[in-house]
Amino acid sequence: MTRTFLARNPSTLWFLLVLALFTLGVTVLAEGFGIGLIPTAFVKVLGKTLCLCLVALAMDLIWGYTGILSLGHMAFFAIGGYMTGMWLMYARTEEIVVQALAGSPIPPTPEEVAQGVATQIFGVVGGSDLPVVWTFAHSAFLQLPLVLIVPGVLALVFGWLAFRARVNGVYLSILTQAMTLALALYLFQNDSGLRGNNGLSGLQNLPGLADVPQSTLSILFFLASALLLAVGYLLLAWVTSGKFGSALRAIRDDEQRLRFLGYPVEGYKLFVFTLTAMVAAVAGAFYYPQAGIINPAELAPIASIYLAVWVAIGGRGRLYGAVIGAAFVSLLSSWFTGGMAPAIPLGFYTIKWVDWWTVLLGLAFVLVTLFAPRGIGGLFDRLPSPRRHGAQLGPDDGALREKEADA
C-alpha cells in the first residue's frame, strides 16, 4: 500500500499544523483583524521572522544536507529584496509625482511623469535619470520575476564555475564570502544604480493601498510570509526525501565515493546551490517590504555568518531545526537589541545587552558546537518513536525493515 508524502514524513505534517495554529493565533490576537492584543510592530517582527526561517531552510539544505557551507546566501536574500524594492519605490514615487502634477493646467505626459520619478528617486545621489537596471521597475509583471531570475542566474554562473573547478570545503566558503563582499562594495557606490548607501526606502507603502492602515498591511504580509514558509518547507522536504535526498546526504558524507559510483556530483551541487539561492531571494522579497528599507549593509558577509549560526543552533540536517534556530535567535535578538532586556548594574560596570548580544550569540554557537552538535532540534530525538517491526534488510541498526518495505 503506497502512503502519501505527508504520511511518510510526519515531521512535515506536524510542522504545517503548528505553523497553521501559530498563524491563526497571531491573526486573532493582532490589531489588523483581531482583538488587538499583539501590537502592529510585533506583528511585523513575526512576519520578518517567518521570512528568516525560510532563508534558514535554504541554508540547511545547502549546508546541513549537502555539506556546502555557503557564506553568501544572505546576498541572494538581499538581491530579492532589491528586486521587489525597485518596483515598490518606483510605484510609490509615481503616485506622489502624479498627485503633485495633477494641478497643472496641461496634463503631464508619461515622459514627464517618468522624469519626475527619476528625479525624486535619484536626486539624493545627484542623478536625474533612471539607470538601466530600473528598466522594468515601472511594471510589477516585468519586475517581480527578476526576484527569481537575477539570483538564479548569478548562483548558476557562480556555482558552475566553482563546482566545475571542484572547489570544496573552506575554499568554497571563502569564495562565496568574497562574492558577497564584492557585491556589497559595488552597491555602496552611488553610480551602482541602486542609490548607494542610501538604499531603497518607503517599501512598506504598497501601491494603491495608501489608505490601508499599517495594522492591516502587517497582517496581510504576515499571512503571506506564513504561506510562503509552508510552501517552502514542503518543497525542501520533498527535495530531501527519496533517492535525491539520499544522494545529497552522500555528497555531504563521502563525495568521492558517490562520484566513483557514477553520480553527477557537480550537477547535484549546482542544482541545490541555485535552488537555495532562489528560495533565499523569495524570502528577501517578502522580508524587506515589512522592514521598509534595504541598503548595501544588508549584504555584509557577517549576515551570512549569522545565518549559519542560526542553523547550527537549531540543528542542521533537519529542516525543522533550521526553523527553530532562526525563530529562536531572531526573536531573542529583537528582545536584547530592542532595549527590552533590563541592564544589569555591577557597580564597577553596567551590562547593556545591546552591546553584549553578539558575544552571547558567539558563545552560544561555540557551546552548541561542542556540547550539542544536533542543536535545539536534537531534543526531539529524545521523544519516543514508533516501534519498528520485522527483520532488518540491511546491516545497520537503522536499516529498512521488512514490514516497512511492504507498506
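Modeller: Leaving aside its neighbours within four places in sequence, Leu 57 is in contact with Leu 229, Gly 232, Tyr 233, Leu 236, Leu 319, Ala 322 and Val 323. Please keep in mind throughout that this is a predicted model. As a general background, nonpolar side chains in soluble globular proteins tend to be buried together.

Turning to the cysteines, the count of disulfides comes to zero. Cys 51 is in no disulfide, and the nearest cysteine sulfur to its own, that of Cys 53, is 9.0 Å away, whereas a disulfide would need the two sulfur atoms within 2.5 Å. Cys 51 counts as buried, because its relative accessibility is 2% and the cut-off for buried is under 20%. Cys 53, for its part, is also in no disulfide, with the sulfur of Cys 51 as the nearest cysteine sulfur, 9.0 Å away. Cys 53 is buried too, with a relative accessible area of 2%.

One further buried residue deserves a careful look, and this is Arg 195, which has a relative accessible area of 7%. Arg 195 is placed in the loop between helix 8 and strand 1 (200-201), and its phi is near 65 degrees, a positive value in a residue other than glycine. Most residues other than glycine have a negative phi.

Notes
Residues are numbered from 1 along each chain as its sequence is written. This is a predicted model: local features need pLDDT of at least 70, side-chain atom pairs count only at pLDDT 80 or more; totals for chains, interfaces and linings use all residues. Side-chain values use heavy atoms; hydrogens and water are left out. Buried means under 20% relative accessible area, exposed over 50%, partly exposed in between (1.4 Å probe, protein chains only). Contact means heavy atoms within 4.5 Å. Helices (H or I, at least four residues) and strands (E, at least two) are DSSP runs, numbered from the N terminus.
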